[in-house]
Amino acid sequence: MVGCVCLLLCGGPTAHGAPPVEACATSADKLGLSRIVEVDTAGGPLFGRVASGGYDFLADGEVVLTFDDGPLRPYTRAVLKALAQHCTKATFFMVGRMAVADPAMVREVASQGHTVASHTWSHAKLQGLAADKAKDEIELGFSAVAQALGAPMAPFFRFPYLRPSPASVDYLKTRNVASFTIDVDSRDFRTRDAAAVEKTVLTQLAGRRKGIILFHDIQPSTAHALPSILEELKKRGLKVVHIVPKETAATLAEYDAQAAKIIAQKMAAKDPLASRALTWPQSSGDPERLPWAVHKAAGAPAQQQATTEATNKRATVPWYKQWLVP
Ligand SMILES: [Zn+2]
């Protein structure tokens, strides 16, 4: 089934009704989109990293922009702003727990024409997980994102830590979900330095000139770096390809019910953002230079706290909706 990609001209109609590319996408100084690739996910194909068996649908000079682990409003908003300024589109592999913590942000991403996909419920490493637990992570992830979105989503999946397990790959095939690995790693979680992220991405692209690029829209380094990276992609003649699904994801009723219940509980709490959890650590750096350190000094209210739940550590950071977008 891996050959089932339909190549659509930029701005052309799509079977699932993707919005047309904005007029500014044809401006000489904007990246825009070179084309839209419609993916038939029947049989659970694997895309990216050809050496590992993934199907490559990109031509020389073509990239796909992907953002994992969000949404996290301050940084996701900055990413959306940078993408909008270039009239270009990306795919967001959202974590279910993040999605239910901020359904409005999920809808905002989709409303701007980006593809909304899943990255499990809690960013669990599926390798080594019992089959039923892995199924729960996959299915609740899809249901959580879809329920937060309030609409069907793409049957696109990315394994946390880029670590697939054979059993999960087989399971996704039965569910007609396409898996996307990566070709270019921004390594944005390792640094708070936007220039370092830009250099990492451009260096890899200089060699291979194409590929699926991994960013995280929970990382301040990517939020800061993206405008400059997009400028450079344009200058270097690279082109952005947008991936969209032929059919939407078919979620399972029992997981939809679980996700709906969780969202309802968060809404009833009247401050759903306060209990949001990050499931992957943000890049470390000088605490005095962190945005939340500045706001904390200004006396932020306690309810604006959010919990960062890293793999083996916990840290509490304040939550600011509009930090990067004045
Ligand atoms: Zn991730």
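**Entry 1: Leu140**

I began with Leu140 and listed what it touches beyond four places away in sequence: Trp121, Lys135, Tyr255, Gln258 and Ala259. I take touching, or contact, to be heavy atoms within 4.5 Å. I note that the model is predicted, that local features need pLDDT of at least 70, that side-chain atom pairs count only at pLDDT 80 or more, and that totals for chains, interfaces and linings use all residues. Residues are numbered from 1 along each chain as its sequence is written, and side-chain values use heavy atoms, without hydrogens or water.

I placed Leu140 in helix α4. Helices (H or I, at least four residues) and strands (E, at least two) are DSSP runs numbered from the N terminus. Is Leu140 buried or exposed? Leu140 is buried, with a relative accessible area of 8%. Buried means under 20%, exposed over 50%, and partly exposed in between, with a 1.4 Å probe and protein chains only. I also checked Leu140 against Ser122: the two are 18 residues apart in sequence, and their C-alpha atoms are 9.1 Å apart in space.

**Entry 2: the chain as a whole**

I counted nine helices and 14 strands. The chain has 326 residues, and 54% of them are buried. Of the contacts with a separation of 6 or more, 79% are between residues 24 or more positions apart.

I then looked at pLDDT, the predictor's confidence in each residue, from 0 to 100. The chain averages 80, and 74% of the residues score at least 70. Residues 6-21 have a pLDDT below 50, and beyond near neighbours in sequence this stretch has 29 contacts in the model. Residues 274-278 also have a pLDDT below 50, with 24 such contacts.

**Entry 3: the zinc ion**

Which residues coordinate the zinc ion? I found Asp69 through OD, His119 through NE2 and His123 through NE2, at 2.0 to 2.1 Å. Donors are N, O and S atoms within 2.8 Å of the metal (3.2 Å for Na, K and Ca); water is not among the atoms, so sites may look incomplete. I wrote the spacing of the donor residues in sequence as D-x49-H-x3-H.

His119 and His123 are both buried. Asp69 also counts as buried, at 2% relative accessibility.

**Entry 4: the loop between β4 and α1**

Asp69 sits in the loop between β4 and α1. I noted that Asp69 has a positive phi of about 85° although it is not a glycine. Pro71 is in the loop between β4 (62-68) and α1 (73-85) as well. I checked the peptide bond from Gly70 to Pro71 and found it cis, with omega near 5°.

**Entry 5: other backbone and loop notes**

Arg209 is another residue with a positive phi, about 65°, although it is not a glycine. I found Arg209 in the loop between α6 (194-208) and β10 (211-216). Arg209 is partly exposed, with a relative accessible area of 30%.

Asp40 is in the loop between β2 (35-39) and β3 (46-47). At a relative accessible area of 17%, Asp40 is buried.

**Entry 6: helix α3**

Which residues of α3 (residues 103-111) are buried? I listed Pro103, Met105, Val106, Glu108 and Val109. These buried residues pack against α1, β5 (91-94), α2 (96-101), β6 (115-118), α4 (131-149) and α8 (253-268). Just after α3, Gly113 takes a positive phi of about 90°.

**Entry 7: the second largest pocket**

I read a volume of about 290 Å³ for the second largest pocket. Of the 15 lining residues, the closest to the pocket's centre are Leu46, Phe159, Pro164, Ser179 and Thr181. Two elements give two or more residues to the lining: α5 (166-174) and β8 (178-180). α5 gives the most, with three residues.

A pocket here is an open set of points where a 1.4 Å probe fits, on a 1 Å grid over the protein atoms alone, with protein on both sides within 12 Å along at least five of seven lines; lining residues have an atom within 4 Å of a point. The points are joined across faces, edges and corners, and the volume is the space filled by probe spheres set on them.

I sorted the lining into eight nonpolar, four polar and three charged residues. Nonpolar covers Ala, Val, Leu, Ile, Met, Phe, Trp, Tyr, Cys and Pro; charged covers Asp, Glu, Lys and Arg; the others, Gly among them, count as polar.
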